[in-house]
Amino acid sequence: MDRWTRLLALVAGGAIAAQGLWAFLSPQTFYDVLATFEPYNPHFVRDIGSAMFGVGVAGVVAALHPRALVAGLAGLGAFQAVHVVSHVIDRDRGGNPGFDIPAFTILAALTLAALVVELRGGQASDRPR
């Protein structure tokens, strides 16, 4: 991969991940400054922040790792893990926390386990898949 392509992926991914963290950690200020679409819903802003964070992580990992599967699993796992935390924080705002939190936790754990397996098994070859 060309170094300029890697640099662009790193910068763009880092910027999106940072915005995602902002939305997740401070949904009110993210809404007030950047996403002034009515009606304000802090849980929805956190969920969007989770997704943005995952996409940003995928961009950063893609810049640093030669295999697309690793970047994809890293981004998906980052989103899912932060999304679980979003549902824990907002468990009293609606949804079905008794189902959502365990189900999302299982998905996050399976995705992150797949990432670990891929990283361990892929060390012998850095061929793109």
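## Contacts along the chain

Welcome to this predicted model. Of the contacts (heavy atoms within 4.5 Å) in the protein chain with a separation of 6 or more, 67% are made by residues 24 or more positions apart.

Residues are numbered from 1 along each chain as its sequence is written, and side-chain values use heavy atoms, with hydrogens and water left out. Local features need pLDDT of at least 70 and side-chain atom pairs count only at pLDDT 80 or more, while totals for chains, interfaces and linings use all residues.

## Overall make-up

The protein chain holds five helices and zero strands, so its elements read α-α-α-α-α from the N terminus on (helices are DSSP runs of H or I with at least four residues, strands are E runs of at least two, numbered from the N terminus). Along the principal axes, the C-alpha atoms fill a box of roughly 50 × 35 × 15 Å.

Of the 129 residues in the protein chain, 37% are buried (under 20% relative accessible area, with a 1.4 Å probe and protein chains only). The chain exposes about 7600 Å², and carbon and sulfur atoms supply 70% of that area (Shrake-Rupley method, 1.4 Å probe).

## A look at helix α5

Helix α5 covers residues 97-121, 25 residues in total. From its first C-alpha to its last, α5 reaches 35 Å, close to the 36 Å expected at 1.5 Å a residue (1.5 Å times one less than the number of residues).

Which residues of α5 are buried? They are Asp-100, Ile-101, Ala-103, Ala-108, Thr-111, Leu-115 and Glu-118. Their cover includes α4 (68-89).

Methods. Buried means under 20% relative accessible area, exposed over 50%, partly exposed in between (1.4 Å probe, protein chains only).
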